[in-house]
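This briefing looks at aromatic ring pairs and at the confidence of the model. Please have the sequence and the structure open while reading.

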Amino acid sequence: MTHFKTEELDSRKGVYVKTFGCQVNEYDTEKMLMLLSEEYKRVLTPEEAEVILINTCSVREKAEHKLHGLLGRLKPLKETNPELVIGVGGCVAQQEGNNIIKRNKLVDFVVGTHNISLVPSLVKNSKIDRTPQVAVDYRDEWEELPDRFDAMPDESYIVKSTFNSSVRALVAIQRGCDKMCTYCVVPGTRGKQVSRDPKEILKEINLKVRMGAREVLLLGQTVNSYGVDLNPRVKFSKLIQEISEIPNVKRIRFISPHPAEVKKDFIDLYKKIPSLCPHIHLPLQSGSDRILGLMNRSYKTSRYLQIVEELKEKCPNIAITTDIIIGFPTETEEDFLETLEVVKKVKYHSVFSFKYSKRPKTSALEFHDDQEIQEEIKQNRLVRLQELVGEHALSHNKSYLNKEIEVLVESTLENIYKGRSQENVHVEFFKDEGQTLDIKMGDIIKVKVLRASPHGLKGTC
Ligand code: 5AD
Ligand code: SF4
């Protein structure tokens with residue numbers, strides 16, 4: 001491919017982005033960068049930037065604090081360069097809107113999760129008039145990017161685009177959530193479930209594959225309820241089938257399915273679709289049925305374990321990962337031990353564990369103070385959970401020792417190759433002496449595993 005512009009000739013101004021939170025936020029950041037790409041190129045430090053975008057997360061209180069910490073650190077920059085534009089997006093922006101502007105004079109605009117297409121005009125207006133702007137209107141349809149970004153791009157666009165070298169394509173298939181878990185801020189910040197038109201999803205995947213993507217990571221809050229709000233309805237399993245037929249899509253993943261929405265055709269996918277990775281991230285949240293009830297999770301642990309059994313039957317090497325919340329109000333030692341029991345039965349490859357944190361406008365706020373779990377107890381339970389999970393992760397990873405696994409190469413810096421196995425385990429490898437293979441990003445390489453830790457594998461090819 002001939003690049004029409006080299007870095008030296010690229011006269012676009014700099015935009016620096018900081019993304020907090022989940023992959024949905026990463027995806028939104030990518031969209032913002034793409035929308036700005038005509039005029040702005042991504043830079044890696046705030047000092048080089050004329051525009052700074054902060055994409056916030058409010059799923060836990062700690063994540064929200066990070067916004068204010070970062071704004072504090074940017075203050076001197078804005079003082080020396082009053083032309084600098086600072087925009088705040090993401091879930092905190094959607095939730096707090098005007099309050100952010102009131103609380104912090106550094107911020108030029110706030111853009112909510114339903115108004116990403118407004119980012120270029122918010123930036124432009126900020127350059128002209130320094131009155132802070134707030135765009136947080138709710139919209140109940142899918143917000144697609146302007147057509148010119150979805151059309152088949154020409155070479156120059158590929159060079160300018162921000163995701164051209166990404167082997168893994170993040171693709172949102174759904175926005176918002178109808179589940180109303182009592183601890184969760186997402187239905188408040190992202191709104192009701194809206195599924196995206198399957199034609200648009202396939203178009204975006206085709207485009208990203210043309211740009212070098214080999215793995216597709218579908219994003220949604222409850223991906224397996226995708227399509228129930230479309231007319232005509234589209235099944236998640238049908239969507240996966242169609243994605244698997246796109247040439248060069250070597251791996252398909254998705255996050256996250258909801259256990260209460262798991263049906264037979266979903267489980268069958270793991271047998272039917274060879275490119276669907278043998279990995280599932282299936283949030284458990286708690287192993288106590290009483291706590292699951294209080295969380296409004298609408299399944300019991302027995303059903304969860306049954307799903308796990310069925311998945312293992314269809315796909316014996318499946319890696320299972322999960323999310324667990326520790327210290328939900330009223331959680332007793334017995335409840336916690338029940339969680340550990342489920343963890344022992346499933347033997348997760350990895351677990352994201354979080355201490356419960358109170359979130360605005362969630363119904364779990366109705367618990368009384370004396371029903372909240374003390375910090376030391378939460379911490380103690382978290383450590384115990386993580387110890388157990390670490391043992392399981394290590395034993396899974398050791399089982400790959402001296403075996404050959406397939407790794408999709410995601411980075412090739414200084415002859416150290418990094419990527420992931422089909423099971424989503426991080427792998428670092430180097431070439432054996434005499435190995436002449438030319439290894440590029442996006443290749444799938446057979447790696448012999450030589451070392452295993454709870455966090456990943458090392459090997460050679
Ligand atoms: N406190 C702690 N963890 C939470 N999560 C969501 N809301 C909260 C909260 N209020 C966790 C859940 C979810 C993950 C993305 O974040 O485990 O699956
Ligand atoms: Fe939040 Fe529950 Fe929806 Fe997940 S399923 S986004 S935890 S409300």
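Buried means under 20% relative accessible area, exposed over 50% and partly exposed in between, with a 1.4 Å probe and protein chains only. This is a predicted model, in which local features need pLDDT of at least 70, side-chain atom pairs count only at pLDDT 80 or more, and totals for chains, interfaces and linings use all residues. Residues are numbered from 1 along each chain as its sequence is written, and side-chain values use heavy atoms, with hydrogens and water left out.

**Aromatic pairs**

- The structure holds 10 aromatic pairs, a pair being rings of Phe, Tyr and Trp (its six-membered ring) with centres within 6.5 Å, where planes under 30 degrees apart count as stacked, over 60 as edge-to-face and the rest as tilted.
- One of them is the tilted pair of Y299 and Y304, with 6.3 Å centre to centre and 35° between the planes.
- Y299 counts as buried because its relative accessibility is 7%, and Y304 counts as buried at 0%.
- F328 and Y356 form an edge-to-face pair, because their ring centres are 5.3 Å apart and their planes stand at 70°.
- F328 and Y356 are both buried, and together with Y183 and F367 they form one aromatic cluster.

**Confidence**

- The protein chain has a mean pLDDT of 91, and 93% of its residues reach 70 or more, pLDDT being the predictor's confidence in each residue, from 0 to 100.
- Over residues 1-8 pLDDT stays under 50, and the model has 8 contacts (heavy atoms within 4.5 Å) beyond four places in sequence for them.
- Over residues 150-164 pLDDT also stays under 50, with 38 contacts beyond four places in sequence.
- Where pLDDT is low, the predicted coordinates should not be read in detail.

Note on methods: Chains are lettered from A and ligands numbered from 1 in the order in which they are written.
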